[in-house]
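Student: Could we go through this structure together, beginning with the ligand and then moving to other parts?

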Amino acid sequence: MLAAGIDALEGVEGGVITGSGMAAISTALLAVFRKGDHLVVQKNLYRGAFRFITRHLEAFGVSWSETRGTAKADFEAALRAETKAIFIESPTNPRLTVTDIAMVTALARDHGLLTLFDNTFATPINQQPIAFGVDLVFHSAAKFLGGHGDLAGGVVVGREGLIRSTETLANTLGGSLGPQVCHLLQRSLQTLALRIERINENALQIAHFLDQHPSVSEVFYPGLSSHEGHGVAKRQMSGFGGIIAFDLAPDVEPLSFQRRLQLIHTGNSLGELFTSLNSPALASTSLGELTETERAEMGVTRQLVRLSVGIEDARDLIDDVDRALSQADRS
Ligand SMILES: *Cc1c(COP(=O)(O)O)cnc(C)c1O
């Protein structure tokens with residue numbers, strides 16, 4: 001029943017529910033790839049997926065290339081004769097990069113490849129990749145789908161044949177989701193559209209507020225016309241989601257800013273009911289474990305802040321950020 005509910009949201013038939021987002025991704029990849037295949041991975045893919053592909057899938061004889069960027073030429077340059085699929089995510093960490101889904105699926109079709117997509121950030125309320133020709137879509141249900149920060153779960157939806165082999169392998173490997181959590185997740189889906197609508201509205205207001213604040217140097221949110229992916233985002237998203245990244249001005253101490261917040265809590269997860277914030281470079285997240293050079297290469301500076309917007313009153317959230325920005329220590 002849960003899988004059918006998510007299928008309806010994504011506009012497809014056939015879905016598999018797994019114990020976590022990583023179980024969804026790892027199981028589907030193991031079902032799709034065989035020894036000798038090659039996979040093109042978009043730059044800045046979710047770190048856990050990247051780690052699975054580069055450390056584990058590779059050990060099974062599946063090779064991979066990471067693109068240098070998200071333009072058509074970047075994907076073309078990464079293709080090989082043995083490429084079987086392209087794995088993309090949009091918008092993605094750390095700067096909400098937007099990938100043109102229709103561009104990638106057209107390229108994949110021309111070369112007879114599959115397109116795999118992590119839709120965790122956008123949710124099916126804001127973006128339905130299947131409609132653009134994507135073959136398999138993944139979700140971490142711990143984020144916006146669950147939406148309350150109190151469950152783990154994952155979803156794979158997509159083309160019938162691929163789903164059947166993913167389902168068989170999921171049963172064989174055993175990473176399934178228990179019935180109580182399925183029930184919790186199903187209840188969460190009943191409010192998904194309402195939550196995401198509110199989150200979209202709040203995030204857009206906060207992004208505009210941050211964008212004109214003197215203590216913020218740059219804001220990354222696909223809903224802002226200044227964002228480099230805004231044009232593509234408008235074509236493929238009906239709302240721009242709850243994740244905003246921004247750079248604090250160079251003199252603002254990031255940890256002091258965090259400590260001055262009263263309503264917004266600091267946390268490393270995202271997609272909860274209430275707004276949370278972290279500094280990816282300073283947190284014990286998958287980005288925090290990279291070396292400083294690797295982080296700089298990805299655009300994760302000390303001043304970068306990631307905000308996961310919730311359903312509170314937008315005015316209260318803006319006041320909280322405004323006060324913390326004005327009270328934070330300056331260097
Ligand atoms: C959290 C997350 C995952 C992994 O999901 P888990 O449920 O934590 O295993 C995958 N992709 C994205 C974009 C995520 O944010």
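Predicted model: local features only at pLDDT ≥ 70, side-chain atom pairs only at ≥ 80, totals over all residues.

Student: Which residues are around the ligand?

Tutor: They are Ser20, Gly21, Met22, Ile25, Tyr46, Glu89, Asp118, Thr120, Phe121, Ser140, Lys143 and Gly153; a residue is near a molecule if one of its heavy atoms lies within 4 Å of it. Helix α2 (residues 21-32) supplies the largest share of this shell, three residues. Helices are DSSP runs of H or I with at least four residues, strands are runs of E with at least two, and both are numbered from the N terminus.

Student: Which atoms of Gly21, Met22 and Lys143 lie 2.8 Å from a ligand oxygen?

Tutor: For Gly21 it is a backbone N or O atom, and for Met22 likewise a backbone N or O atom. Lys143 instead places an N or O atom of its side chain 2.8 Å from an oxygen atom of the ligand. The protein covers 87% of the 380 Å² of accessible area that the ligand has on its own (Shrake-Rupley method, 1.4 Å probe).

Student: And how does the shell divide by class?

Tutor: The shell has four nonpolar, five polar and three charged residues. Here Ala, Val, Leu, Ile, Met, Phe, Trp, Tyr, Cys and Pro count as nonpolar, Asp, Glu, Lys and Arg as charged, and the others, Gly among them, as polar.

Student: Changing topic, what lines the second largest pocket?

Tutor: Its lining has 17 residues, of which Arg95, Thr97, Phe220, His227 and Glu228 lie nearest its centre. On a 1 Å grid over the protein atoms alone, a pocket is an open set of points with protein on both sides within 12 Å along at least five of seven lines, a cavity is a set where a 1.4 Å probe fits but cannot get out, and lining residues have an atom within 4 Å of a point. Strand β8 (residues 216-220) gives the largest share of this pocket's lining, three residues. By class, the lining has five nonpolar, seven polar and five charged residues.

Student: How much space is in that pocket?

Tutor: About 270 Å³, where a volume is the space filled by probe spheres set on the grid points, which are joined across faces, edges and corners.

Student: What about cavities: how many of 30 Å³ or more are there?

Tutor: The structure holds one. The largest cavity has a volume of about 40 Å³, and its lining has seven nonpolar, two polar and no charged residues. Among the lining residues are Pro91, Leu96, Phe121 and Met237. Phe121 is also one of the residues around the ligand.

Student: Is Thr99 buried or exposed?

Tutor: Thr99 is buried because its relative accessible area is 0%; buried means under 20%, exposed over 50%, and partly exposed in between (1.4 Å probe, protein chains only). Thr99 sits in the loop between β4 (83-89) and α5 (101-110).

Student: Which side chain does Thr99 contact?

Tutor: Its side chain makes a polar contact of 3.0 Å with that of Gln42. Such a contact is a pair of N or O atoms within 3.5 Å; within protein, one must be able to donate a hydrogen and the other to accept it, and residues adjacent in sequence count only if both atoms are side-chain atoms.

Definitions and conventions
Residues numbered from 1 in each chain as written. Heavy atoms only, no water.
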